[in-house]
Amino acid sequence: MTEASPVRATTPRQVRPATEGWSQKKDTEGRPLLQFASPKRGKPPVHLADLTPEQRVEKVKELGLPGFRAAQLEKHYFTHYTSDPALMTDLPAASREELVAGMLPQLLTEVRTLKTDRGDTIKFLWKLHDGALVESVLMRYPGRITLCVSSQAGCGMNCPFCATGQAGLTRNMSAAEIVEQIVRANRIIRDGGLGPAEHPDERVTNIVFMGMGEPLANYARVMQAIRVMTDQKHGLGMSARGITVSTVGLVPAIRKLAEEDIPVTFALSLHAPDDHLRDELIPVNSRWKVDEALDAARNYFEKTGRRVSIEYALIKDMNDHGWRADLLAEKLNARGRGWVHVNPIPLNPTPGSIWTASETAVQREFVRRLNDAGIPTTLRDTRGKEIDGACGQLVATAEDEAQAADTPLGSDHS
């Protein structure tokens, strides 16, 4: 009998979160700076989509026209996707220009669009009234069309692996600026920009608040935008179930969202199940810890009956260890069964970063462990990576800013 050779213990490699190619903003105590309040800037002009149906009627009356004209404007904007007065022949010619200027001011100017080779994904760069830049991404899938919208210009959550967070928060977007991204996307779909339609009246069916910004840090405007999206009579008439609101974990706002009685899909961007790593990876974890965020997510399920999504970017040797999959499963199962779904997504690289996606075998093992523990888990598609339009890649480059400077506001009005 031969002596067994000793088993060599291997320690999993642990990469620490650190910024690459940029310096993370810190507070006076050296902690990553969090920006919850929007910097003071000139507000965008008030638009029909910023107002309740009742307020729209009053605003039309203030402009010297009968209140029923508000319904006509709603139809042009939310059904025909236009703010061009020349197309609104049912409005009185003498006051048409003034009415449209007062109710449907132009909010977004298209600076550039990038399309994937297959033509099923388009990234838009928009210039706002004050020169701020935001992006949205339009994606065609079999049977549905999804638009990834921005809710802030920049982001104040300062996550080191996200390109959007590098520039900090410029300002909150208005409800109408959020809605306008959908209206403009619908116009492009109607005009064949995503290729041949699968059926008449094709339009955006799904919204994900996963563009620039932390949606729950711009709570009131995001909720007004969602009300407009879901309003069957005075808005876009979308299904609340097709709208996903994603957050890095602003716990009080998650609990507030659960009380809104609008059954949107809720997604928590977790990215680490342990506070030790998540404190560094998601700076807001210094305010509300993993367990607090998961408790709030579970509460959302209990209040709405809507299954929660957990978003998890798989980063090589940082957060993709098997034991972290086991810990995540343990924490989710401790809060019950059937309330949650995990969406791991291989990290999308950003300029200057040495971080990369987990190896394919590691991704599969992470997913296997969760599924084996009874947690429904699906590896997500990294759509739009070739045009820097995937999750975490939305940021205005120097080239974008130069082109925006040469693009006059309102130059694409239609």
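Reader: Which helix is asparagine 186 found in?
Author: This is a predicted model, where local features need pLDDT of at least 70, side-chain atom pairs count only at pLDDT 80 or more, and totals for chains, interfaces and linings use all residues. Residues are numbered from 1 along each chain as its sequence is written, and side-chain values use heavy atoms, with hydrogens and water left out. Helices here are DSSP runs of H or I with at least four residues, strands are E runs of at least two, and both are numbered from the N terminus. Asparagine 186 sits in residues 175-190, which is helix α4.

Reader: Is asparagine 186 buried or exposed?
Author: Buried means under 20% relative accessible area, exposed means over 50%, and partly exposed is in between (1.4 Å probe, protein chains only). Asparagine 186 has 2% relative accessibility, so it counts as buried.

Reader: Which residues does asparagine 186 touch, leaving out those up to four places away in sequence?
Author: Contact means heavy atoms within 4.5 Å. By that rule, the partners of asparagine 186 are Tyr81, Arg203, Val204 and Leu236.

Reader: What separates the C-alpha atoms of asparagine 186 and aspartate 201?
Author: Along the chain, asparagine 186 and aspartate 201 are 15 residues apart.

Reader: How are helices α6 and α8 oriented to each other?
Author: Axes are lines fitted to C-alpha atoms, for helices over the stretch in contact, and angles run from 0 to 180 degrees between N-to-C directions. Angles under 35 degrees count as roughly parallel, over 145 as roughly antiparallel, 65 to 115 as roughly perpendicular and the rest as oblique. Helix α6 (residues 251-258) and helix α8 (residues 290-304) pack at about 5°, with axes 9 Å apart. Therefore α6 and α8 are roughly parallel.

Reader: And which way do α9 and α10 cross, left-handed or right-handed?
Author: Helix α9 (residues 322-333) packs on helix α10 (residues 360-372) at about 30°, again with axes 9 Å apart. A crossing is left-handed if the near helix is turned anticlockwise from the far one by less than a right angle, and right-handed if clockwise. For α9 and α10, the crossing is right-handed.

Reader: What share of the protein chain is buried?
Author: The chain's secondary structure comes to 11 helices and 11 strands. Out of 414 residues, the buried ones make up 56%.
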